[in-house]
Amino acid sequence: VRACVIAASVSLLLACGNNKPFDSAAWLKGDMRARGRMCENLVKRKILIGQTAEEAQRLLGKPDKDYGSTLSYKIDLGWPFKDAKHYGLLIHLDENRNVRGVQIVD
């Protein structure tokens with residue numbers, strides 16, 4: 001039981017560093033982990049909503065994948081026991097390529 005409590009406490013402490021304010025310059029020069037720390041703030045503040053795909057890419061850089069109606073960025077949320085390669089930030093675009101939604105996925 002004690003080991004479970006310790007493991008849960010460590011997991012919570014590691015997750016606490018996740019919430020950083022979005023900063024475009026830090027995002028552009030940061031790694032997947034640095035970006036992951038800013039994603040929740042980016043989504044919550046709706047910074048990209050209504051911007052064009054080009055404006056969003058000025059803030060975030062070139063996406064890892066452009067599916068036409070969705071831009072995808074690899075991120076690492078830093079959760080223990082989960083593989084970082086499964087996380088992503090999806091930027092959903094409307095028919096005019098304006099941002100209509102932003103979503104963190106795993």
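**Ground rules**

I take helices (H or I, at least four residues) and strands (E, at least two) as DSSP runs, numbered from the N terminus. By that rule, Leu42 sits in helix α3. This is a predicted model, where local features need pLDDT of at least 70 and side-chain atom pairs count only at pLDDT 80 or more, while totals for chains, interfaces and linings use all residues. Residues are numbered from 1 along each chain as its sequence is written, and side-chain values use heavy atoms, with hydrogens and water left out.

**Overview**

I looked up the secondary structure and got four helices and four strands for the protein chain. From the N terminus, the order reads α-α-α-α-β-β-β-β.

Next I checked confidence, using pLDDT (the predictor's confidence in each residue, from 0 to 100). The chain averages 85, and 77% of the residues score at least 70. Where pLDDT is low, the predicted coordinates should not be read in detail. I left that stretch alone.

For burial I used these cut-offs: buried is under 20% relative accessible area, exposed is over 50%, and partly exposed is in between (1.4 Å probe, protein chains only). Of the chain's 106 residues, 35% count as buried. I also noted that, among contacts between residues at least 6 apart in sequence, 43% join residues at least 24 apart.

**Aromatic residues**

I went looking for ring pairs. Rings of Phe, Tyr and Trp (its six-membered ring) pair if their centres lie within 6.5 Å; planes under 30 degrees apart count as stacked, over 60 as edge-to-face and the rest as tilted. The structure has two such pairs. In one, Phe22 and Trp27 are tilted, at 6.0 Å centre to centre with 55° between the planes. Phe22 counts as buried because its relative accessibility is 11%. Trp27 is buried too, with a relative accessible area of 0%.

The other pair is Trp27 with Tyr73: the ring centres are 6.1 Å apart and the planes stand at 75°, so I logged the pair as edge-to-face. Since Trp27 lies in helix α2 (residues 24–29) and Tyr73 in strand β2 (residues 70–74), this pair ties together parts that are 46 residues apart in sequence. Both Trp27 and Tyr73 are buried. I put Phe22, Trp27 and Tyr73 down as one aromatic cluster.

Which residues of helix α4 (residues 53–60) are buried? I found Ala53, Ala56 and Leu60. Looking down the axis of α4, these buried residues fall within an arc of 60°, so they line one face of the helix; the arc is that of the directions from the helix axis to the C-beta atoms. An α-helix has 3.6 residues a turn, so residues three or four places apart point the same way. The buried residues of α4 pack against α2, α3 (32–44), β2, β3 (88–93) and β4 (99–105). After α4 comes Gly61, whose phi is positive, near 85°.

Of its 19 residues, Trp27, Leu48, Leu60, Leu89 and Ile91 touch the most other members. At least two residues of this core come from each of α3, α4, β2, β3 and β4.

I listed what Leu60 touches, not counting residues up to four places away in sequence: Phe22, Trp27, Leu28, Arg35, Leu42, Leu48, Tyr73 and Ile91. Leu42 is buried, at 1% relative accessible area. Leaving out residues up to four places away, Leu42 touches Phe22, Ile47, Leu48, Leu60 and Leu89. I also checked Leu42 against Ile104, 62 residues along the chain: their C-alpha atoms are separated by 10.0 Å.

**Positive phi outside glycine**

Lys46 has a positive phi of about 55° although it is not a glycine. I found Lys46 in the loop between α3 and α4, and it is exposed, with a relative accessible area of 59%.

Arg97 is a residue other than glycine with a positive phi, near 65°. Arg97 is in the loop between β3 and β4 and is partly exposed, at 26% relative accessible area.

Technical notes
Contact means heavy atoms within 4.5 Å. A nonpolar core is a set of buried Ala, Val, Leu, Ile, Met, Phe, Trp, Tyr and Cys residues joined through side-chain atoms within 4.5 Å.
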